Amino acid sequence: MVGTQKSGILYVVATPIGNLGDITMRALDVLRAVQLIACEDTRVTAKLLRHYAIATPTTACHHHTTESKLQRIVDHMVNGDAVAVVSDAGTPGVSDPGNILVARAVAAGITVVPVPGVTALGALVSVAGYDMQKFCFMGYPPHKKGRQTFFRNIAASQMPVIYYDSVHRVVKNMALLAQMCPTAQVIVGRELTKIHEQIVRGSVDEVVTFFLEHAEMVRGEFVVAVLPVRKEKSHPDGGDAMMDVCVHHD
């Protein structure tokens, strides 16, 4: 609540989703200045810190962190320390456990400050070429229970829907969506900002076929945008939009 803040502070710091050059100057300043960095995986964050010669101590903070460990991190802030929380990639709190520590800090009256940066979600929106003033972000699809409902809701949506997916299930999940709405147009971002970055556009049927025929490309991390099915035809001649694949190498 306003007026109850302690002397410590929690910075929620976005880190690169692939290209280490995408981190902001402000984020680097914060990571150098804080007394502790809470990481989703200390081994992953260590690579970023080594790259920028940052020697700030780190501690693990993830879905399986115990309540006592979370409290010790909060105690650092209650006692006046500045702490940064980072995920393995992107913005903490977006499909990762960063929100757990934020909730504990807010409950303890700690000031929480966002240090924004890149996200796979924002990156795909920026290249969609579609009106994305309104869209629905669904996180990751359920592994089993609720999976059919998840994709049925996407197929019926009147606004764009974006979700993250894993390499192990992305084609299987799009195939399920294709059963429900084969003409839906999708934009798939794979390995965004990384050396093998790829953007694939087309009907969900076309994209599923593409990845089945190019199994070697089903690697890395995926973000999928599903555009709402429109009644009007895409082109004056009544043809469907051509499938497009864009591969970018830095």
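Me: Happy to be looking at this with you! Why does Tyr164 count as buried?

Reply: Good place to start. In this predicted model, the relative accessibility of Tyr164 is 9%. Buried means under 20%, so Tyr164 counts as buried.

Me: And what makes Phe137 count as partly exposed?

Reply: Phe137 has a relative accessibility of 28%. The class in between buried, under 20%, and exposed, over 50%, is partly exposed, and therefore Phe137 belongs there.

Me: How many aromatic pairs are there?

Reply: The count comes to seven aromatic pairs.

Me: Why is the pair of Phe137 and Tyr164 called edge-to-face?

Reply: The ring centres of Phe137 and Tyr164 lie 5.1 Å apart, and the planes stand at 70°. Centres within 6.5 Å make a pair, and planes over 60 degrees apart count as edge-to-face, so this pair of Phe137 and Tyr164 is edge-to-face.

Me: How do you know that this pair links distant parts of the chain?

Reply: Look at where the two residues sit: Phe137 is in strand S6 (residues 136–137) and Tyr164 is in strand S7 (residues 161–165), 27 residues apart. Ring pairs also join Phe137, Tyr140 and Tyr164 into a cluster.

Me: Which residues of H7 and H8 meet?

Reply: From H7 come Val171, Met174, Ala175, Leu177 and Ala178, and from H8 come Val204, Asp205, Val207, Val208, Phe211 and Leu212. By class, the contact of H7 with H8 has ten nonpolar, no polar and one charged residues.

Me: What makes H7 and H8 roughly antiparallel to each other?

Reply: The axes of helix H7 (residues 170–180) and H8 cross at roughly 150° and come within 9 Å. Angles over 145 degrees count as roughly antiparallel, so H7 and H8 are roughly antiparallel to each other. The crossing of H7 and H8 is left-handed.

Me: Let's stay with helix H7. Why does Asn173 count as buried?

Reply: Asn173, which lies in helix H7, has a relative accessibility of 1%. The cut-off for buried is under 20%, so Asn173 counts as buried. Leaving aside neighbours within four places in sequence, Asn173 is in contact with Pro141, Arg147, Phe151 and Asp165.

Me: One last check, please. Why do Phe211 and Phe222 count as buried?

Reply: The values are 2% relative accessibility for Phe211 and 5% for Phe222. Buried means under 20%, so Phe211 counts as buried, and Phe222 counts as buried too.

Methods
Residues numbered from 1 in each chain as written. Predicted model: local features only at pLDDT ≥ 70, side-chain atom pairs only at ≥ 80, totals over all residues. Heavy atoms only, no water. Phe/Tyr/Trp six-rings, centres within 6.5 Å; stacked < 30°, edge-to-face > 60°. Helix = DSSP H or I, 4+ residues; strand = E, 2+ residues; numbered from the N terminus. Buried < 20%, exposed > 50% of the residue type's maximum accessible area, 1.4 Å probe, protein only. Axes fitted to C-alpha atoms, helices over the stretch in contact; angles between N-to-C directions. Parallel < 35°, antiparallel > 145°, perpendicular 65-115°, else oblique. Left-handed = near helix turned anticlockwise from the far one by under 90°. Contact = heavy atoms within 4.5 Å. Nonpolar A, V, L, I, M, F, W, Y, C, P; charged D, E, K, R; others polar.
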